[in-house]
Amino acid sequence: MSTVDALLRDLNPAQRAAVQTIHGPVLVLAGAGTGKTRTITYRITYLLRKGIPPAHILALTFTNKAAQEMRERVHALSGRATRDMQISTFHSFGLRILREHARAAGLHPHFSIYDTNDQLTLVKKALRGISVSWKKFRAEEILAAMQAARSPDSDQLILPPRDALETTVIQSVWERYRAALRAANAVDFEDLLQLPLRLFTCEPRIRKQYREQFTHILVDEYQDTNLLQFKLLYELAREHRNICVVGDDDQSIYGWRGAEVRNILDFERHFPGATLVRLEETYRSTAIILDAANAVIHRNSARKEKRLWTARKGGLSIRCLVAADELSEAELVVADLLDRRAKRNLPYSACAILLRMNTHTRPFEEVLRRYRVPYVVVGGTQFYDRKEIRDFLAYLRVLVNPQDDEALLRIINVPPRGIGETTVERLAAHAAQTGRPLYECLATPPTDHVQPAAARSLVFLHHFLEDFRRGLPKEQPAALARALWNALDYRKELETSARTTEEITNRLANVEALLEAIATYERRSSQPSLEDYLQFITLLRNDDDEELEDGKVPVMTIHASKGLEFSCVYLACCDQGILPHAKSVALPGGLEEERRLFYVAMTRARDELTISYPRTRVRYGQVEPRHPSEFLKDIPAHLLEWHHNADQEQPSEEETASYLARLRSALR
């Protein structure tokens with residue numbers, strides 16, 4: 001048997017068709033749990049075995065974790081290193097293009113990438129600088145409005161009709177925001193896609209270079225692409241047309257951040273003659289869960305027809321728990337989870353609590369703590385968002401890009417060195433008047449406006465940073481970073497902000513972990529540099545992947561659960577107005593996206609799915625009656641199990657209390 005035949009033997013007929021169709025456009029509709037990643041990695045391996053050079057393959061996905069898994073699985077299948085292959089996120093691919101053509105994109109080399117926190121800082125500064133009552137406007141809302149209104153083809157905003165004052169504010173903030181980015185030689189995440197697209201449309205030479213290099217393109221999670229990503233792919237693939245996109249329109253749940261479900265629905269129009277392959281056999285959920293999920297999602301009209309099925313036999317009914325109020329619901333869910341876990345001898349991490357919004361975690365956390373159940377709220381403060389980590393990374397950013405004003409302002413008095421806000425304001429004014437970068441002004445501060453002691457501190461900081469900047473070409477990143485950390489008296493900063501000695505110790509340990517991470521990066525990189533590491537880590541912080549913890553019950557939003565699976569899933573807070581969410585339903589296409597969200601939650605479950613909701617909620621101090629989600633009505637009645645008499649639509653409060661008492665008794 002040939003190696004190609006052996007490879008194909010591991011696949012079902014639909015997967016095999018997706019792998020073997022390597023010429024022309026291919027749309028693979030991959031339902032939940034149908035072996036999507038296996039299909040993609042086998043297709044890449046098949047391309048290699050058919051003689052396609054690794055450097056001609058481009059595989060794009062949405063998170064670094066997914067890209068790394070793809071690389072590892074291709075390496076295991078093919079036995080070949082994936083270094084010559086571009087397997088990465090869209091943003092990493094855009095970064096590669098900007099690195100290779102920085103000046104053509106209007107950038108100087110060694111540019112910074114601003115993450116969401118940096119962007120919000122610029123927006124807040126712009127709001128303070130314009131002549132309006134800026135406190136009326138939330139920076140997060142202004143940033144979201146700007147991102148939604150960005151033109152894919154220019155540096156302009158296309159704002160929908162809205163209040164005249166709000167329009168003026170957003171436009172003014174945008175102009176200041178873009179000017180600040182240019183002054184700092186920085187880009188934001190949208191620029192990592194928009195600037196390469198502009199190069200492709202305005203520089204035929206550059207477009208030709210990448211078209212000729214990447215003759216075979218694969219895209220994972222295509223239903224999550226936005227307009228910019230589609231245009232980038234179209235420019236690359238429109239001539240050779242060897243593009244394979246894999247996704248599931250039924251799992252398109254990111255419309256609120258720009259994902260366009262029409263990209264996957266209209267793929268065959270964008271690439272006429274495309275081959276359509278449906279992956280419908282799933283290896284995850286029971287037949288009962290799939291029948292219920294199919295019944296729900298079939299109510300959507302904007303979708304590609306597919307019906308998931310499984311060879312698994314049997315399965316438990318979907319259980320619906322109805323509680324008196326929010327706290328009772330949490331008690332009911334947690335007690336039931338513990339009962340199920342004990343009966344099936346499951347680890348805590350096999351049972352997940354999914355919620356429409358993270359604002360609903362409080363009662364569940366309260367009950368989990370009361371029962372002493374180990375749990376993790378997925379999506380809390382991440383490692384790279386901790387203050388001490390952001391502080392030290394800001395030092396490294398200034399070494400690489402002295403024009404990065406936001407990084408410099410963050411550390412100008414961290415740890416404390418006697419440089420107050422008034423000094424910083426006068427230094428910034430001096431920089432603006434002289435037309436010089438803020439960093440340069442550290443060396444020659446305006447002594448007529450700055451106190452002598454503060455001026456000496458500014459000069460000292462400049463000398464301190466320059467000493468380490470001189471080491472950039474000679475020192476390896478890990479050694480330079482550790483030397484910088486050892487030279488900083490950061491404990492002084494912690495003593496002013498930490499509450500306990502233990503907190504100081506933990507936060508110092510966090511920075512030590514960062515230094516070790518830099519050393520690990522250095523060992524794994526063929527050409528390590530501090531600039532490369534900082535750009536890598538900024539992209540990593542933009543990942544959607546959430547970290548789970550062994551031995552702990554994950555509590556998370558449905559959005560965070562996408563791509564994951566659990567033996568037991570508790571889909572809580574399923575009352576009308578929460579799921580579907582009232583605000584989302586009011587938007588065009590909102591109800592269908594909310595139904596897709598419900599579908600995604602259902603298909604996270606392998607063996608057991610339990611849905612719950614409260615009969616009442618307290619809002620603004622008033623007790624409100626609640627009703628079950630309309631999506632529950634889409635599930636055939638014979639697939640549902642209510643823990644009460646069959647002729648009742650839902651249990652009474654007495655029955656709910658009795659059921660809870662029985663569960664608690666079983667746990668004693």
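Colleague: Hi! What ground rules apply here?

Modeller: The model is predicted, so local features need pLDDT of at least 70 and side-chain atom pairs pLDDT 80 or more, while totals for chains, interfaces and linings use all residues. Residues are numbered from 1 along each chain as its sequence is written, and side-chain values use heavy atoms, without hydrogens and water.

Colleague: Is threonine 34 buried or exposed?

Modeller: Threonine 34 is buried, at 1% relative accessibility. Buried means under 20% relative accessible area, exposed over 50%, and partly exposed in between (1.4 Å probe, protein chains only).

Colleague: And what does threonine 34 touch?

Modeller: Leaving out residues up to four places away in sequence, its contacts (heavy atoms within 4.5 Å) include Gln15, Leu279 and Tyr283. A polar atom of its side chain also lies 2.6 Å from the backbone oxygen of glycine 31.

Colleague: New topic: how many aromatic pairs are there?

Modeller: The count is 17, taking rings of Phe, Tyr and Trp (its six-membered ring) with centres within 6.5 Å; planes under 30 degrees apart are stacked, over 60 edge-to-face, the rest tilted. Phenylalanine 62 and phenylalanine 90 make a tilted pair, 5.3 Å centre to centre with 50° between the planes.

Colleague: How exposed are phenylalanine 62 and phenylalanine 90?

Modeller: Phenylalanine 62 is partly exposed at 21% relative accessibility, whereas phenylalanine 90 is buried at 1%.

Colleague: Which residues form an aromatic cluster?

Modeller: Tyr222, Phe230, Tyr234, Phe267 and Phe271 form one.

Notes. A polar contact is a pair of N or O atoms within 3.5 Å; within protein, one must be able to donate a hydrogen and the other to accept it, and residues adjacent in sequence count only if both atoms are side-chain atoms.
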